[in-house]
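Keep the viewer open as you read.

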Amino acid sequence: MSEGWPTIAGMRELSFVEGDATDPVGAGPRILAHICNDIGAWGRGIVQSISRRWPEPEREFRRWSAEPTFRLGAVQLVPVAPELWVANMVGQHGIMSRRGLRTRTGYEPGAGPPVRYEAIRECLGALVTHAEAHSASVHMPRIGCGLAGGSWDLVEPLILETLGAHDVPTTVYDLPLASGD
């Protein structure tokens, strides 16, 4: 794994690799972090790859979505292998559909993207605690920037202010472009 280098301000920089976040590089304890919605829907984006590899994160997410602790900003850490966990982080309000933003209470046409930056910040703060407790590195796609509709220019500073400021090694994965792209 390519380790990030401390910045002048003392924050660890992010490492970027081309590859699949569900196959995290490196050895030792690792946490695969991704963003989930707050309505309990699972089935698009990186969760398809997660479910193909391990049934536990989906099963636990669906169970958790009916509990009072399930809310924006919450994190569920699910063990999937020795020294490997999936962090289900609730940082998205609803999901986008053709009819608009779908939430637990209905549709909100014109509501904008479902990403919730403050919820992502809260999730990342909790993720620091989990990573430190397990002496783990963190691995993720560009969280909040796919189906959630967020901007990497707004998400990256949140990661640096949380994981980076606590010197948690963090690798961000970009999928390789398909041939001919």
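Strand 6 and strand 7 (residues 106–108) pair in the antiparallel sense over 3 bridges, with Leu101 sitting opposite Glu108 of strand 7. On to strand 5 (residues 95–97): 3 bridges tie it to strand 6 (residues 100–103), and the two run antiparallel. Here Met96 faces Leu101 in strand 6, and Ser97 stands opposite Gly100 in strand 6. Strand 5 and strand 6 also form a hairpin with 2 residues between them.

Put together, that's an open sheet of 3 strands in the order 5-6-7, with antiparallel pairing. Strand 5 and strand 7 are at the edges with a single partner strand each, so one side of each has no neighbour in the sheet. From one strand to the next, the twist averages 40°.

A word on terms and provenance. Helices (H or I, at least four residues) and strands (E, at least two) are DSSP runs, numbered from the N terminus, and two strands pair if DSSP finds at least two bridges between them. This is a predicted model, where local features need pLDDT of at least 70 and side-chain atom pairs count only at pLDDT 80 or more, while totals for chains, interfaces and linings use all residues. Residues are numbered from 1 along each chain as its sequence is written, and side-chain values use heavy atoms, with hydrogens and water left out.

Axes here are lines fitted to C-alpha atoms, for helices over the stretch in contact, and angles run from 0 to 180 degrees between N-to-C directions.

Strand 2 and strand 4 run parallel and are joined by 8 bridges; Ile31 has Trp85 of strand 4 as its bridge partner. Contact means heavy atoms within 4.5 Å.

## Pro57 in helix 2

Which residues does Pro57 touch? Leaving out residues up to four places away in sequence, they are Trp42, Ile50, Val78, Val80, Val86 and Asn88. Pro57 belongs to helix 2 and is buried, with a relative accessible area of 0%. (Buried means under 20% relative accessible area, exposed over 50%, partly exposed in between, with a 1.4 Å probe and protein chains only.) Val80 is 23 residues away along the chain, yet the C-alpha atoms of Pro57 and Val80 are separated by 7.7 Å.

Helix 3 (residues 117–134) has 18 residues, which at 1.5 Å a residue should span 26 Å; its end C-alpha atoms are 25 Å apart, in agreement. That expected span is 1.5 Å times one less than the number of residues. Buried in helix 3 are Ala119, Ile120, Cys123, Leu124, Leu127, Val128 and Ala131. They pack against strand 2 (30–37), strand 3 (75–81), strand 4 (84–92), strand 8 (137–140) and helix 4 (152–164).

Helix 3 and helix 4 pack at about 30°, with their axes 9 Å apart. That makes helix 3 roughly parallel to helix 4 (angles under 35 degrees count as roughly parallel, over 145 as roughly antiparallel, 65 to 115 as roughly perpendicular and the rest as oblique). Among the residues making the contact are Ile120, Leu124 and Val128 of helix 3, and Val155, Leu158 and Ile159 of helix 4.

## Two positive phi values

Ser135 has a positive phi of about 50° although it isn't a glycine. Ser135 lies in the loop between helix 3 and strand 8 and, at 60% relative accessibility, counts as exposed.

Asp167, also not a glycine, has a positive phi near 60°. Asp167 is in the loop between helix 4 and strand 9 (170–174), and its 42% relative accessibility makes it partly exposed.
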